[in-house]
Amino acid sequence: MPLPKSLPSPALHLACGFNEKSRHLEARQRDVVTLCKVQLERDKMQWASLLLLAGLCSLSRAQYDEDPHWWFHYLRSQQSTYYDPYDPYPYEPYEPYPYGVEEGPAYAYGSPPPPEPRDCPQECDCPPNFPTAMYCDNRNLKYLPFVPSRMKYVYFQNNQISSIQEGVFDNATGLLWIALHGNQITSDKVGRKIFSKLRHLERLYLDHNNLTRMPGPLPRSLRELHLDHNQISRVPNNALEGLENLTALYLQHNEIQEVGSAMRGLRSLILLDLSYNHLRKVPDGLPSALEQLYLEHNNVYSVPDSYFRGSPKLLYVRLSHNSLTNNGLASNTFNSSSLLELDLSYNQLQKIPPVNTNLENLYLQGNRINEFSISSFCTVVDVMNFSKLQVLRLDGNEIKRSAMPVDAPLCLRLASLIEI
């Protein structure tokens, strides 16, 4: 019986099965190949990413090897509103330092150092730890540099400055000290209103210059005025007007012949030095607060009676190297209870002038004294009345030790030194 035509033969069935299996294997092979290609592409991308990252890291490290604080730079550059209180231009965009230039330590911990003054003249020094002082001394300056407004203490001593130009201190009206000693300043080159605008000025040093007259007007705030070692010839009565706070006035080593009553209004004056001048008479009306008066090396020949009574706080008086005689001294001239030291050495005295029993040091060497009068020290000599004198110098006179009276040890019982 013949087979129906619709049924395949076994050979055909085997061939069909083989072909089907082959197609399936080919499909699987194609899938594997595709998967391998995908995985390979992924691997390539990963390796490329790793190589790129390594390259970037190497570049970054190479860029910042010389700057250990590059991360700090990066953070600062990312802050668009960053404000540095010590930046002179705080609102300018931040520009990092060039590579290879060290910025200095980043003050992440602790306080940054104080800013250096940025308005200090190049001729001077303005130390950051003393921002109100300006040092321009010993620099061969021939002019006064600009003075910043914040300054309170300025030092221009020992230069070659010959003038004080008008307005040089107008910007620094808060000045307390001005040191101009040791220069070549002349009176005709000092502006008249230079110092009057400085209403807080306390100390003014103009000594060792070439001044021929008193500077002025001066501010009322002044406490110390140094004008010694100049060529000033006189002190007008109004030269020191209004200086009620002045405590020390130095006028020694000048050519002053007359003072007059210029000292009367100086009610706070404690020290007055007029030594090494050409005075023929003592100043009129000493201030009541005066404690130290130096008049040595002048031509003074007399002192008025009760001259020192107007100064009840006077402690030290020096009148050595003058032309004093006993005829120019009244009997009570030096009988002041406040005096502790009196120097009358190297004059033309022939007798010991009477002094108060409170006096402790008396210098009379280099005179013409020819007698020892115990009444000059003690009006009454007994156990209860004696002098407090500790040092008495009479050497270089015409007196001999044998001339000392027998009651001298009782009157001068506290004396530790008596030179004859």
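Helices (H or I, at least four residues) and strands (E, at least two) are DSSP runs, numbered from the N terminus. The structure is a predicted model, in which local features need pLDDT of at least 70 and side-chain atom pairs count only at pLDDT 80 or more, while totals for chains, interfaces and linings use all residues. Residues are numbered from 1 along each chain as its sequence is written, and side-chain values use heavy atoms, with hydrogens and water left out.

The protein chain contains three helices and 13 strands. It has 420 residues, of which 35% count as buried (buried means under 20% relative accessible area, exposed over 50%, and partly exposed in between, with a 1.4 Å probe and protein chains only). Among the contacts in the protein chain with a separation of 6 or more, 43% join residues 24 or more positions apart, a contact being heavy atoms within 4.5 Å.

Ser338 is located in the loop between S9 and S10. This serine is buried, because its relative accessible area is 13%. A polar atom of the Ser338 side chain lies 3.5 Å from the backbone oxygen of Pro312. A polar contact is a pair of N or O atoms within 3.5 Å; within protein, one must be able to donate a hydrogen and the other to accept it, and residues adjacent in sequence count only if both atoms are side-chain atoms. When neighbours within four places in sequence are left aside, Ser338 is in contact with Ser311, Pro312, Lys313, Leu314 and Leu315.

Gln292 belongs to strand S8, which covers residues 292-294. Its relative accessibility is 21%, so Gln292 counts as partly exposed. Ile270 is 22 residues from Gln292 in sequence, and the two C-alpha atoms are 6.3 Å apart in space.

Side chains of opposite charge can pair when their charged atoms come close. A salt bridge is a side-chain nitrogen of Lys or Arg within 4 Å of a carboxyl oxygen of Asp or Glu, and by this rule there are seven salt bridges. One of them joins Asp119 and Arg150, with 2.3 Å from N to O. Asp119 lies in the loop between helix H2 (70-78) and strand S1 (133-135), and Arg150 in the loop between S1 and strand S2 (153-155), so this pair ties together parts that are 31 residues apart in sequence. Asp119 is partly exposed at 36% relative accessible area, and Arg150 is partly exposed at 25%.

A further salt bridge links Glu224 and Arg203, whose closest N and O atoms are 3.7 Å apart. Glu224 is in strand S5 (residues 224-226) and Arg203 in strand S4 (residues 203-205), so the pair ties together parts 21 residues apart in sequence. Glu224 is buried, with a relative accessible area of 16%, whereas Arg203 is partly exposed at 26%. Arg318 and Glu341 also meet through their side chains in a salt bridge, at 3.9 Å from N to O. Since Arg318 lies in strand S9 (residues 316-318) and Glu341 in strand S10 (residues 341-343), parts that are 23 residues apart in sequence are tied together. Arg318 is partly exposed at 32%, while Glu341 is buried at 15%.

A nonpolar core is a set of buried Ala, Val, Leu, Ile, Met, Phe, Trp, Tyr and Cys residues joined through side-chain atoms within 4.5 Å. The largest nonpolar core has 85 residues, and those with the most contacts inside it are Ile164, Phe169, Phe195 and Phe377. Apart from this core lies another, of six residues, including Tyr153, Tyr155, Ala179 and Tyr205.

Rings of Phe, Tyr and Trp (its six-membered ring) pair if their centres lie within 6.5 Å; planes under 30 degrees apart count as stacked, over 60 as edge-to-face and the rest as tilted. The count by this rule is seven aromatic pairs. Phe130 and Tyr153 form a tilted pair, 5.7 Å from centre to centre with 40° between the planes. Phe130 lies in the loop between H2 and S1 and Tyr153 in strand S2, so the pair ties together parts 23 residues apart in sequence. Phe130, Tyr153 and Trp177 form one aromatic cluster.
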